[in-house]
Amino acid sequence: MHAQKILNNLAKSLPDIFARTEVGKLTGGLIAPRTLANLDCLGKGPNGKVKFMRKVGYEKTAFLDWFAEYLKETDNA
């Protein structure tokens with residue numbers, strides 16, 4: 001599947017805002033919530049992060065922009 005097609009499908013399925021704990025399910029297991037938390041601590045996570053009490057979430061557009069930077073196509077996965 002091409003990267004753009006993956007992004008388009010993800011854009012259709014993601015809600016406007018979603019919890020970090022749901023990232024694994026929403027990305028088909030490509031990104032673990034803990035990995036994303038670590039990247040956030042390093043300043044390498046998505047922009048558009050929101051916090052509600054103890055929960056962290058992301059805005060769809062900002063997450064997709066970030067995800068697109070890391071998504072790479074390969075001939076052999």
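**View 1. Pairing of β1 with β3 in a predicted model.** Strand β1 and strand β3 (residues 55-59) pair in the antiparallel sense over three bridges, where strands are DSSP runs of E with at least two residues, numbered from the N terminus, and two strands pair if DSSP finds at least two bridges between them. Within this pairing, I17 has E59 of β3 as its bridge partner, while A19 stands opposite G57 in β3. The model is predicted, so that local features need pLDDT of at least 70 and side-chain atom pairs count only at pLDDT 80 or more, whereas totals for chains, interfaces and linings use all residues. Residues are numbered from 1 along each chain as its sequence is written, and side-chain values use heavy atoms, with hydrogens and water left out.

**View 2. The hairpin of β2 and β3.** Strands β2 and β3 run antiparallel and are joined by four bridges, among them the one in which F52 is partnered by K55 of β3. Two residues lie between the strands of this hairpin, and M53 in the turn has a positive phi of about 55°.

**View 3. The open sheet of three strands.** The strand order is β1-β3-β2, with antiparallel pairing. Because β1 (17-19) and β2 (49-52) stand at the edges, each with a single partner strand, one side of each is left without a neighbour in the sheet. Neighbouring strands are turned by 35° against each other on average, direction ignored, the axes being lines fitted to C-alpha atoms, for helices over the stretch in contact, with angles from 0 to 180 degrees between N-to-C directions.

**View 4. Helix α4 on the sheet.** Helix α4 (residues 60-70), a DSSP run of H or I with at least four residues, packs on the sheet and touches β1 and β3, contact meaning heavy atoms within 4.5 Å. The direction of α4 makes about 75° with that of β3.
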